[in-house]
Amino acid sequence: PPVIGPPSPLAASPWLRLMIYNDVGMGPISVFFAKGSRVNLMPTILQKFKRFMLLPWGDSKGEATVVHKAEVLYVANQTLTTAALLIQGYEPSNLSYADRHRMPASGRNSHLSLGGGGGMVLGHRTSKRGEDIQRIKSPNSFDPFLTQTLPLPLPPASPSDTQAYEIGRKIQEHLALAGAVGYIRLVLDVREEKKGGGTASMSSVWVPFEVRFGVPLFDPDLNKEACKRMAWGGLLEKESLEKHEKSMDDLLKKLKSFIESHQQGEDGDAALW
């Protein structure tokens with residue numbers, strides 16, 4: 001019978017994320033560490049972050065954990081004793097607790113001035129107490145100001161679409177997810193741009209993080225929205241389920257082809273099959 005969850009354990013592996021990043025041409029900064037290796041210092045490309053997303057390779061749940069830089073080396077090395085690991089940048093170090101709550105995160109590509117009156121000021125105005133409270137309350141959860149979740153299937157295109165929905169539709173088109181049940185999760189990529197005269201600005205853009213299949217149960221609001229999408233899309237009708245089954249078969253073939261073209265013959269990779 002048709003399955004509305006992931007078509008295969010491969011769909012919960014980092015391989016699907018890497019294929020999405022490859023197809024769409026963007027994604028969070030990511031570094032792969034082989035099983036048995038040891039990390040004594042974060043690679044230069046990741047040193048600008050204070051929080052990271054860690055995803056063990058081969059984890060059947062395929063769920064990433066958000067880890068603060070104070071714990072990342074310990075958690076990474078503990079994980080690497082039993083599995084390979086994908087580490088991705090999440091929250092930049094120069095983004096203060098106060099600043100991120102003023103970010104126009106839901107808009108199109110945002111260009112935010114540094115030091116401007118109404119812009120995003122990066123410096124030493126970080127509320128340390130606020131960061132500590134946030135870290136204690138939800139140390140391993142996604143930040144709603146840096147993460148956006150789009151239930152599937154996405155509504156028809158509209159002139160008022162945000163950049164997040166534009167990326168979401170590109171993912172939906174590439175993976176043929178118009179009849180899928182689940183959600184697309186995006187993260188905000190914030191980068192500093194140097195300008196003439198020694199000034200600097202920040203640019204922010206939504207980039208794909210993951211696609212999850214099935215009815216989400218961890219968030220009541222997301223669950224309700226997903227059920228509404230299933231209803232107006234007629235996703236549980238016989239014809240829709242048959243189309244969905246074929247789409248998932250095609251997605252699995254595409255994913256296996258992507259893996260074959262990038263696989264290095266490691267035991268850990270072979271185990272994913």
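Author: A definition comes before that. On a 1 Å grid over the protein atoms alone, a cavity is a set of points where a 1.4 Å probe fits but cannot get out, and lining residues have an atom within 4 Å of a point. Grid points are joined across faces, edges and corners, and a volume is the space filled by probe spheres set on the points. This is a predicted model, in which local features need pLDDT of at least 70 and side-chain atom pairs count only at pLDDT 80 or more, while totals for chains, interfaces and linings use all residues. Residues are numbered from 1 along each chain as its sequence is written, and side-chain values use heavy atoms, with hydrogens and water left out.

Reader: How many cavities of 30 Å³ or more are there?

Author: The count is 3. The largest cavity has a volume of about 90 Å³.

Reader: What lines the largest cavity?

Author: Its lining has 13 residues, and Phe-49, Gly-89, Tyr-90, Leu-188 and Asp-189 lie nearest the centre. The elements that give two or more residues to this lining are β4 (85-92) and β7. β7 supplies the largest share, 5 residues. Such names come from DSSP runs, numbered from the N terminus: helices are H or I with at least four residues, and strands are E with at least two.

Reader: Next topic. How many salt bridges does the structure hold?

Author: It holds 10. A salt bridge here is a side-chain nitrogen of Lys or Arg within 4 Å of a carboxyl oxygen of Asp or Glu. One of them joins Asp-23 and Lys-254, at 2.9 Å from N to O. Asp-23 lies in helix α1 (residues 14-24) and Lys-254 in helix α7 (residues 238-262), so this pair ties together parts that are 231 residues apart in sequence.

Reader: Why does Asp-23 count as partly exposed?

Author: Because its relative accessibility is 22%. Buried means under 20% relative accessible area, exposed means over 50%, and partly exposed is in between, using a 1.4 Å probe and protein chains only. Lys-254 is at 30%, so Lys-254 counts as partly exposed too.

Reader: Which salt bridge has buried partners?

Author: One is Asp-143 with Arg-51, where the closest N and O atoms are 3.5 Å apart. Asp-143 sits in the loop between α4 (128-137) and β6 (147-152) and Arg-51 in strand β2 (residues 49-56), so the pair ties together parts 92 residues apart in sequence. Both Asp-143 and Arg-51 are buried. They also belong to a network of salt bridges that links Lys-50, Arg-51, Glu-91 and Asp-143.

Reader: And where does Glu-210 come in?

Author: The side chain of Glu-210 meets that of Arg-185 in a salt bridge, 2.8 Å from N to O. Glu-210 is in strand β8 (residues 200-213) and Arg-185 in strand β7 (residues 182-194), 25 residues apart. Glu-210 and Arg-185 are buried.

Reader: Back to α7. What span should its 25 residues have?

Author: The expected span of a helix is 1.5 Å times one less than its number of residues. For α7 this gives 36 Å, and the end C-alpha atoms are 36 Å apart, which agrees. The buried residues of α7 include Leu-241, His-244, Met-248, Leu-251 and Phe-258. Ser-247 also lies in α7, and Ser-247 counts as partly exposed because its relative accessibility is 21%. Ser-247 and Leu-177 are 70 residues apart in sequence and 7.5 Å apart in space, C-alpha to C-alpha.

Reader: How many residues does the largest nonpolar core have?

Author: It has 43, and those with the most contacts inside it are Leu-16, Ile-171, Leu-175, Leu-177, Val-211 and Phe-213. A nonpolar core is a set of buried Ala, Val, Leu, Ile, Met, Phe, Trp, Tyr and Cys residues joined through side-chain atoms within 4.5 Å. β8 gives the most to this core, with 7 residues. A second, separate core of 15 residues includes Val-39, Val-72, Ala-76 and Leu-80.

Conventions: On a 1 Å grid over the protein atoms alone, a cavity is a set of points where a 1.4 Å probe fits but cannot get out, and a pocket is an open set with protein on both sides within 12 Å along at least five of seven lines; lining residues have an atom within 4 Å of a point.
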